[in-house]
Amino acid sequence: MPRLTRAELEAARDRTLDDVLPGPDDPPLRVLFCGINPGLVSAATGHHFARPGNRFWPVLHGSGFTSRLLLPAEQGELRGLGLGITNMAPRATARADELTVAEMVAGGKRLHELVEQRRPRWLAVVGVTAYRAAFDVPRAVVGPQDERLGDTRIWVLPNPSGLNAHWSLAAMVEEYGRLRAAADA
């Protein structure tokens, strides 16, 4: 991917990014991954988790969700695997902490509607802080949750952002792998 200029990144601020969701000829939605919000690189390129250093794609592959390491530009291949991507808050920012609590709560409501329409087996919220704010569960931890959205189970995953130094790549692969095993059961 060619390096984006500061002007290109700033022009992407506040843009939104389309969801990646299976179509009518794809398998049913097994897991809907929900990021916090698009970063500027993702908004500029139109691809989820596109910032260099973001570990989403390597973790997805390492945990067995994909048979090979996908590039962000290949995100459409997830549809054929019964996987999808959306965001809690649609507005692109340089950092997730630029979002307001009101945006996260509104994103949680939008997410409820999307899950009701698409009915994935699992909703995988990527980022425990976002889950806590959007779903008003202040003590939530990474892992499967007791709460459900209808028949959809919820799993909170560690945020794969390179800014999240609390989780190693190996630990993230293990946690995402636990979700994959549950989704395949």
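How many aromatic pairs does the structure hold? There are seven aromatic pairs, and I come back to them below. Please keep in mind throughout that this is a predicted model. Here are my notes, point by point.

1. Overall architecture. The secondary structure of the protein chain amounts to six helices and five strands.

2. Size and packing. The C-alpha trace of the protein chain spans about 45 × 35 × 35 Å along its principal axes. The radius of gyration of the protein chain is 15 Å, which agrees with the value near 16 Å that a compact globule of 185 residues would have. Of those 185 residues, 45% count as buried. Looking at contacts between residues at least 6 apart in sequence, 72% join residues at least 24 apart.

3. Surface. The protein chain has an accessible surface of about 9,500 Å². Carbon and sulfur atoms account for 52% of that surface.

4. The annotated span. UniProt, in an unreviewed entry, places the feature "domain: Uracil-DNA glycosylase-like" at residues 22-177. In the model, this span of residues 22-177 is 31% helix and 18% strand. Its end C-alpha atoms lie 21 Å apart.

5. The aromatic pairs. Now back to the seven aromatic pairs. In one of them, phenylalanine 56 and tryptophan 57 have ring centres 5.1 Å apart and planes at 85 degrees, so the pair is edge-to-face. Both phenylalanine 56 and tryptophan 57 are buried. Another edge-to-face pair is formed by tryptophan 122 and tryptophan 155, with 5.4 Å from centre to centre and 65 degrees between the planes. This pair links distant parts of the chain, 33 residues apart: tryptophan 122 belongs to strand β3 (residues 122-126) and tryptophan 155 to strand β5 (residues 152-157). Tryptophan 122 is buried, at a relative accessible area of 6%, and tryptophan 155 is buried as well, at 4%.

6. A ring cluster. Phe33, Phe49, Phe56, Trp57, Phe65 and Tyr176 are linked into a cluster by ring pairs.

7. Threonine 66. Is this residue buried or exposed? Threonine 66 has a relative accessibility of 6%, and the cut-off for buried is under 20%, so it counts as buried. Threonine 66 lies in the loop between α3 (56-62) and β2 (83-87). Its side chain reaches the backbone oxygen of arginine 68 at 2.8 Å. With neighbours within four places in sequence left aside, threonine 66 is in contact with Leu60, His61, Leu78 and Leu81.

8. Threonine 93. Threonine 93 is found in the loop between β2 and α4 (101-118), and it is buried, with a relative accessible area of 1%. Which side chain does the side chain of threonine 93 make a polar contact with? The partner is the side chain of asparagine 37, at 2.8 Å. Not counting residues up to four places away in sequence, threonine 93 touches Arg13, Asn37, Pro38, Gly39, Leu40, Glu98 and Leu99.

9. Positive phi angles. Two residues may be worth a check of the backbone. Aspartate 14 is not a glycine, yet it has a positive phi of about 75 degrees. Aspartate 14 lies in the loop between α1 (6-12) and β1 (31-35) and is partly exposed, with a relative accessible area of 44%. Arginine 119, again not a glycine, has a positive phi of about 50 degrees. Arginine 119 lies in the loop between α4 and β3 and counts as exposed at 60% relative accessibility.

10. Aspartate 146. Finally, a strand residue. Aspartate 146 has its place in strand β4 (residues 143-149). With a relative accessible area of 77%, aspartate 146 is exposed. The C-alpha atoms of aspartate 146 and proline 72 are separated by 31 Å, and these residues are 74 residues apart along the chain.

Key
Residues are numbered from 1 along each chain as its sequence is written. This is a predicted model: local features need pLDDT of at least 70, side-chain atom pairs count only at pLDDT 80 or more; totals for chains, interfaces and linings use all residues. Side-chain values use heavy atoms; hydrogens and water are left out. Helices (H or I, at least four residues) and strands (E, at least two) are DSSP runs, numbered from the N terminus. Buried means under 20% relative accessible area, exposed over 50%, partly exposed in between (1.4 Å probe, protein chains only). A polar contact is a pair of N or O atoms within 3.5 Å; within protein, one must be able to donate a hydrogen and the other to accept it, and residues adjacent in sequence count only if both atoms are side-chain atoms. Contact means heavy atoms within 4.5 Å. UniProt positions are given in the numbering used here, feature names are shortened, and annotations may be inferred rather than shown by experiment. The radius of gyration is taken over C-alpha atoms; the globule rule is 2.2 Å times the number of residues to the power 0.38. Accessible areas come from the Shrake-Rupley method with a 1.4 Å probe; for residues, only the protein chains shown count as cover. Rings of Phe, Tyr and Trp (its six-membered ring) pair if their centres lie within 6.5 Å; planes under 30 degrees apart count as stacked, over 60 as edge-to-face and the rest as tilted.
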